[in-house]
Amino acid sequence: MQRPPAELRWADELSRLRADDDAPRPPGWQLSITAAKRFIVGDERAGIERKFVGDPSLIDRALVTLATSRGLLLVGEPGTAKSLLSELLAAAVSGDSTLTVQGGAATTEDQIRYGWNYALLVADGPSQRSIVPGPVMRGMRDGKLVRFEEITRCPLEVQDSILSLLSDRVLAVPELGDSGMVFAIEGFNVIATANTRDRGVNEMSAALKRRFNFETVFPIADLATELALVERQAGALLERSGVPTPPRRDVLEVLVTTFRELRTGATANGDALDRMSAVMSTAEAVSVAHAVGLRGWYLRGEAGSAADIVECLAGTAAKDDADDLARLRRYLEQQVPRKSGSAWQDLHAARLRLPG
């Protein structure tokens with residue numbers, strides 16, 4: 001698999017945590033809140049990898065929310081690992097992170113709750129055999145967490161289809177009569193994510209908001225922490241892509257610093273910049289670092305250089321606003337020459353490779 005789910009990727013850690021977990025567990029959970037937190041934030045003494053870089057108190061609040069009757073809504077800038085956090089929470093609590101609804105303009109109520117096998121429906125009529133359970137029905141029936149990614153991208157009527165499920169914890173299938181009631185068992189809850197920068201999203205109804213606790217996931221504030229994360233994630237991606245050469249530390253430092261300064265609209269010295277409208281997130285930095293390593297290895301048989309960053313940044317910068325390329329060019333021409341180091345010099349020399 002290109003990307004195994006969290007419960008498979010870290011199956012050994014989850015198994016060891018379950019075996020050693022003697023703390024009280026909320027009903028229906030596979031781990032206690034303490035053990036679930038250790039799985040997410042890591043425990044060096046126990047050999048548990050740190051998987052989420054952020055405020056540990058956020059994990060406490062998220063886990064406590066999931067043990068209540070309210071859903072959890074993770075909001076924040078793009079690329080702040082909201083989806084990763086929801087996956088880790090589901091893997092820790094339920095041992096299954098695959099009950100997922102991907103929100104979008106084309107998402108329908110059937111994809112969330114249930115649908116029908118129309119061949120069986122025509123042949124036998126409505127029955128338990130002809131029903132096709134959606135992620136929410138399966139989560140209620142099995143007592144597991146359901147992930148609703150990008151909930152605000154769904155039309156309002158589709159969002160509100162989970163209102164009664166969160167309130168009454170029961171899903172009615174009218175076609176099945178009295179046998180069509182699915183009552184949620186312990187362990188069921190919903191983790192949703194919402195992007196604060198998407199344009200044209202649908203505002204959630206006040207009724208639906210009341211059924212969620214909101215938690216904001218912020219970008220990584222510390223340069224050294226973000227650099228270490230990008231180095232680790234990019235190294236893992238390059239290894240899976242058949243690249244034996246790890247990314248150069250100086251190149252990654254240039255890349256992460258560039259992303260941070262263009263994202264915040266200010267240099268490390270406090271000089272103001274034109275802020276990019278494109279998403280210059282940590283996740284995008286990992287993607288660009290991966291592409292830089294691939295270019296270096298498969299085109300020249302070496303680790304990627306700072307010059308490769310310019311080639312890879314063009315596709316990141318020109319997604320939404322054509323003026324972003326001009327902002328990136330000004331940054332390379334005006335700010336980069338002021339920085340010291342050979343990698344910064346290579347970045348400045350490669351500025352002419354920008355398209356346009």
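Predicted model: local features only at pLDDT ≥ 70, side-chain atom pairs only at ≥ 80, totals over all residues.
## Salt bridges

Searching the whole structure turns up 26 salt bridges. In one of them, the side chains of Glu226 and Arg260 meet at 2.6 Å, N to O. Glu226 sits in helix α12 (residues 223–240) and Arg260 in helix α13, so this pair ties together parts 34 residues apart in sequence. Glu226 is buried, at 0% relative accessible area, and Arg260 is buried too, at 17%.

Then there's Arg338 with Asp271, a salt bridge of 3.6 Å, N to O. Here the partners come from loops: Arg338 from the one between α16 and α17 (342–349), Asp271 from the one between α13 and α14, so the link spans 67 residues in sequence. Arg338 is exposed at 60%, while Asp271 is partly exposed at 32%.

Asp308 pairs with Arg295, with 3.2 Å between the closest N and O atoms. Asp308 belongs to helix α15 (residues 306–317) and Arg295 to helix α14. Shared partners join Arg295, Arg300, Glu302 and Asp308 into one salt-bridge network. Within it, Asp308 is buried at 0% relative accessibility, and Arg295 is partly exposed at 25%.

## The cavity

The whole-structure search finds one cavity of 30 Å³ or more, and the largest cavity has a volume of about 50 Å³. Helices α13 (249–264) and α14 (282–300) each give its lining at least two residues. Among the lining residues are Val251, Leu255 and Val292; by class, the lining has six nonpolar, two polar and one charged residues.

## Arg327

Arg327 lies in helix α16 (residues 323–335) and counts as buried at 18% relative accessibility. Its side chain makes a 2.6 Å polar contact with that of Asp324. Leaving aside residues up to four places away in sequence, Arg327 touches Asp274, Arg275, Met276, Ser277 and Asp321.

Key:
Residues numbered from 1 in each chain as written. Heavy atoms only, no water. Helix = DSSP H or I, 4+ residues; strand = E, 2+ residues; numbered from the N terminus. Buried < 20%, exposed > 50% of the residue type's maximum accessible area, 1.4 Å probe, protein only. Polar contact = N/O pair within 3.5 Å; in protein donor to acceptor, adjacent residues only side chain to side chain. Contact = heavy atoms within 4.5 Å. 1 Å grid on protein atoms, 1.4 Å probe; cavity = no way out; pocket = protein on both sides within 12 Å on 5 of 7 lines; lining within 4 Å. Points joined across faces, edges and corners; volume = space filled by probe spheres on them. Nonpolar A, V, L, I, M, F, W, Y, C, P; charged D, E, K, R; others polar. Salt bridge = Lys/Arg side-chain N within 4 Å of Asp/Glu carboxyl O.
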